[in-house]
Structures are given as C-alpha cells and as structure tokens.
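Subject: Structure handover

Hello,

Please find the structure below, with notes on what turned up in it.

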Amino acid sequence: MKKNLITIVIAAVLVMIFALLLFTFQVRQSEVAVLTTFGKPAANNLDQPDLYFKWPWPIQQVYRFDKRTQNFEDKYSENLTADNTMLLTSVYVGWRISNAKDFFPKFAGGSVEVAQRQLETMLRSAKAAVIGKHNLSDFVNPDPKQLKLEAIEDEIKTAVQNQLATQNYGISIDFLGVKKLGLPESVTQTVFDRMKSERQVLISEAQFQGEAEATKIKSAAERQAADVLANAQAEATRIEGSGVAEAAKTLAVFQQNPELAIFQLQLEALKNSLNQKSTLIFDERTPPFSLFQNLPANTQTK
Amino acid sequence: MSDHEHYDHSPAPPMSDAGSQALAEALRSSFVIVKLALAALLVVIFAAGFFTVGPQEKAVILRFGKPQGEAQKMLLGAGLHWSLPYPIDEVIRIPITEIQKVSSTVGWYLTSPEMELAGTEPPAGPSLNPQIDGYVVTADRNIIHTRATVSYHIDDPRTAIFNFANGTNQQFNLAGVSNAVQNAVNEALILSAARFNVDDIITRDIAGFQDAVSQRVSELAEREQLGVAIDQVQVQSVAPRQLKDVFAMVTTARQNRDKLVNDALSEQNRIASQAGALAASITNAAESARTRYVTAIESDAMAFTELLPKYESNPNLFAQLELAKAMTQILTNVQDKIFLPQRADGKPRELRLQLNREPPQPKSAANP
C-alpha cells in the first residue's frame, strides 16, 4: 500500500507540473496578452502581470505583445510653412500598444516594425498639414507668447491620435516632440551671409555706442562740474554780501563823525596806494616838503 | 517496464512467491534511489535559487511576471540573493549605475571623439548639410551649435525599466528610458533655442539658456512619465565654425565699448571730485574773505571809537598829525622819490613820464 501511495504522489506531482505547463501561462509586467478560443480573441486584454488559466492548444492560444512605450523617430523631412519657408523637421514619438486585441489583427504577426511604418505614413501627412498652417515665426520667436512650437507638437500629436482612433489600430501615443528643426542646406548659406552682415552691424554699433556713451558721460560730468562751480561762485558772492551786510551794522559807529571816518579812510587809502614799488613826484607844496617853501635861506641862495 | 519484467522473470521462473519477493526487493531498492534522487533534486532546486548580482547591475525578481518589491526596494543590489525556481520566479538583470548620463544627438556639427580630445574641428564648408551637421535655429533665426549632457537617476524603477522598450527585443534594460531622456534633451534644446536670441545663448545669458533647457528636460521627464529625476544639465553652445571670426570680432568690439565707457566713468569721477574740491576752495575763500572784511571793519570801528575823542578835541591838529605820520610811513616805503621844486619864474614845468612799470631788472629775471 505504502509503495502505491508514493507512486501516486510522484505521479500526481508530475501530472500537476505537466498540467500547470499546459493549462497556465504567465504575463510579465511589460507584456499584454490576448487569449483566443478557436481563433476568436477574448473580450479582455490580459495586461496585468500574473498567472492565467487557459485550455491547451488547439482550444485556446496565447498571443503576447510588448506593451512598453516604443520610441519612433521619423525621417528628417522637408515641409513648407504657411509663409512658404522650407523647413526640415524630425519628430520623436513615444507610442505603445494600448489595445492588443485591436492591434494584432491589423498588423502582420503583431509586428512593431509594420506598425511603425503605418505610423510614419500618418506622421508624414499630419506634419505636412500642421506645418503648412503655421508661419516660421510660430516655430522660432523671442516672444514666449508667440512661440507656438509646443502647440505645433500638440497639433501633430492630436492629428495622429485622431487617425489612430478612427481606424482603431489599438495604438496610443504617449508623447510627441520635435527632435530636429532645420533649414535646407542651400538656405544655411544665405543664413550665414545674413548672420555675417548682422555681426558687422553689431561691431560698428558697439564702436559707435562706446564713443557716444563715453562722450555723453564726459560732457554730463563737465556740465555738472560747471554747475557745481557756478553754485560755489554764487555761494561765495552771497557769503561776501553777508559780510558786507554784517559790516554795515558797524556803520553807526562811523556816523558819530563822518569827517573823521572819511579822513581815516583816505589816510589809509593813501598809505596803501603809496606802498612799495611806487614813485612819488612832489614839489615843495606837498607836506611835509612844504617846509622848504618857507625857508628864507632857500630864496636867498636862489 | 515490460523489458524489466521480462528480465526479472526469465532467469528464475519457478516459485511465484520467490518471484514476487524478488520484485518487491527490486522495487524497494529502486524506490530508495528515487527518494535519494528526489532529495537531491530538491537540494538542486533550492541551490539553483541562489544568484549573484554584480556591482554594475541590479536584479529584479518577477514572480508570475510581476516585479517584487516597491520603488527602490525592487532593485536588488550587488551580493547574493535567492529566488524560487524558474516557472514561478524569474530573475532579470539590468545594467545600471548610480548616475546615468546621456548627451544630446542634435545641434552639434559632425565631429569625432578623437577630434574633441585634440581640440580640433572638421573643416567648415560654406553650408551645413542637414543630414550630418546638427544645429539649432535661434529665435532671431540664426544658426548655432549647441549640445547638452544630462545626468539623471532612476526615480521609479518600475516605470523606467518596464515601461520603455528599446527596439523589438524582449530584454529589460535602461536603453529605452535612456533613449526617451535623450529625445527629451533634444527637444529641450530645440525649444529653448527657438525662444532665445543668438547673443543670449552664446554670451549674454548662457546660464539662462542652460536653466531653460534644464527646466524643459525636467518638465518633459515628468510629463512623459519616464520615472527618472534629472540631476544636472550642462549646455555648451558655440557660433558656427563658418562665422567664428566675426563673432569674435563682435566680442572684441563690445569689450572695447565697455572699456571706453569705463574710462569715461572714471573720468567723470575725476571731473566731479575736482569740481567739488574747487567749489569748496571758492566758498572757503569767500568765507575767509568775509571774516577778514568784517573783522577789519570792526577793528576800524574800534580804532575810530578810540580816536574820536582825540579828534574832537582839536580836529585840525589831529589831522595834521595823522597826515604827517602817514607821510613818514609813505616816504619810507616808496621806492623812488622825485622832488620837483617850482621854477623860479613860476612857470609850470614840463614833465615827461616814461610809463614803464617794472623795468627789466636782474632781480626779477632771476625770479620766475
């Protein structure tokens, strides 16, 4: 009996392992699976990682897809803007399989490459339509309010999303951005020529500005200095005037005897004017030489 | 099995008892072997669950396809780890370092690492080929080269590892998310350049441009849910090789302009302080003149008050005395004195004066 029990246990374990392999399957974190019963897909996508039950082939079959975000970049291609500028653009797209059961009947073998070819076609038309609606000033602009590059990205994204939704591809776009933005090769040369002349203008502008600014600063400084000096002169005059006014208060003293005052002043003036380095010509009438006049000896000798 | 039975039966057919005994014996021994084998198998299964993780990688255990552990705990670091055997657990290894780095792929002209190291650049043609030479268009429609290097770390391993694919293989690595970060950097460069003027990017506002790029990369990383955190963005921008000389000339011209202005400013300071000093000396002189004048008048008044009684007692005598005193002083001080007596006949004398003050003197010539 014991022998039989062991045999049964071993057999059961083997059968269980076999059954597990046959009747279950796993879906990984990065995957989404579709279960078909006699070729007909089930209503639900199995997008949560777990262990699932299935009937063995040929009743049920499992199709797995990568649900991770795929990176796709289209070719660097030329489009005309609304103001007839040829613009080169390339965009990157983060897309993923959002609905595997819609996705896999549409693309051979659920191939990502085939899906991307489809995506590229859609992008091409969406880009042409959106870029053709905008002027170059929407793509590059120093004014953040007028720069519409982000809006353009959104418009392309929305256009592609709409197409994907109407055709029910089971693909969704997570993000889309401009990867490259440029001008045709021949245009770069004319841009260089323009940049060169702009630089020349800047060079002469800098030279002119420097001189003008320096002259302006210097002349302003000189004007200010003149103002300061003029104010100082005025102040000096005022100070001297106040001195005269103050001195005038002592005038009353001199008024006690104006004759004496004038005499004193004259005397002082005389002293001051006949100071050194002056020549005095006088005759005998000038005091004190008037003394000579009355000398009797003088007349006698003459 | 049938072979086995046949082998058991053929050499000793006689006794059914002995035969069944022998069979039981054989079975027992084979069961022992099976038991041992089972035990060995268990040990092997248990031992096989051990795995090591190297220093440049992390591991994640998927149990029935589901990553174990939340956030950073999901990543198993270097060392020895254990998991359940294969169909239940699956160990995936991800090459990962603490800090991830990625550089932009647009915006720079075609060059090679060797040239970068040597500091040389490829010869510049008259135009830029869009297929090989990268560049960005600035807000003022200039063409310049710019590139950025981003350092980031994985913030949410589940998102970063399991949400981004690289190509069509089923491998798990960070190439997918790295690619997404790279494109975010590319977009950030193009978008930021589209709203900055060339002079701001290259000279006037280098930091501002770098901040704008950095901000945009972080914004995109968040919006696109890349599961990474941006640590640092470094941006380098240069004028096209074709226009290097003129750009350098503008810089020189601007430096010259600044020098001229700075010189003028120091000249302004000099003029202002000079004027201030002169003004102060003018007012000071006026002040002292005033003081001198006022005190002179006051002392005159004082002298006058003292003299007044003397004068009033005999005005004529006083005047004569004062005049005589003054004359004494004058005659002492005067340089030349010419006495010209009256002619005897009383006729006026004719006097010729040669008005030439300050006749040249050796003394004055000596003094400058």
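In which hand does α3(A) pass α5(A)? The crossing is right-handed. Please keep in mind throughout that this is a predicted model.

Helix pair in chain A

The two helices are α3, residues 112-131 of chain A, and α5, residues 149-167 of chain A. Their axes come within 9 Å and cross at roughly 135 degrees. Because of that angle, α3(A) counts as oblique to α5(A). On the α3(A) side the contact is made by A:M122, A:L123, A:A126, A:K127, A:A129 and A:V130. The α5(A) side supplies A:I152, A:E155, A:I156, A:A159, A:V160 and A:Q163. By class, the residues of this contact are nine nonpolar, one polar and two charged.

Contact between the chains

Chain A puts 103 residues into the contact and chain B puts in 101 residues. On the side of chain A that touches chain B, the most comes from helix α6 (residues 185-248) of chain A, with 37 residues. The residues of that side of chain A divide into 49 nonpolar, 29 polar and 25 charged.

Chain A as a whole

Chain A has ten helices and ten strands. The C-alpha trace of chain A spans about 190 × 65 × 35 Å along its principal axes. Its radius of gyration is 55 Å, whereas a compact globule of 302 residues would have one near 19 Å. Of the 302 residues in chain A, 26% are buried. Among contacts in chain A with a separation of 6 or more, 67% are between residues 24 or more positions apart.

Chain B as a whole

For chain B the secondary structure is likewise ten helices and ten strands. The principal axes of the C-alpha trace of chain B give spans of about 210 × 60 × 40 Å. If contacts in chain B are limited to residues at least 6 apart in sequence, 71% of them join residues at least 24 apart.

Regards

How values were computed. Residues are numbered from 1 along each chain as its sequence is written. Chains are lettered from A and ligands numbered from 1 in the order in which they are written. This is a predicted model: local features need pLDDT of at least 70, side-chain atom pairs count only at pLDDT 80 or more; totals for chains, interfaces and linings use all residues. Helices (H or I, at least four residues) and strands (E, at least two) are DSSP runs, numbered from the N terminus. Two residues are in contact if their C-beta atoms, placed from the backbone, lie within 7 Å. Axes are lines fitted to C-alpha atoms, for helices over the stretch in contact, and angles run from 0 to 180 degrees between N-to-C directions. Angles under 35 degrees count as roughly parallel, over 145 as roughly antiparallel, 65 to 115 as roughly perpendicular and the rest as oblique. A crossing is left-handed if the near helix is turned anticlockwise from the far one by less than a right angle, and right-handed if clockwise. Ala, Val, Leu, Ile, Met, Phe, Trp, Tyr, Cys and Pro count as nonpolar, Asp, Glu, Lys and Arg as charged, and the others, Gly among them, as polar. The radius of gyration is taken over C-alpha atoms; the globule rule is 2.2 Å times the number of residues to the power 0.38. A residue is buried if 20 or more other C-beta atoms lie within 10 Å of its own, exposed if 12 or fewer, and partly exposed in between; C-beta atoms are placed from the backbone.
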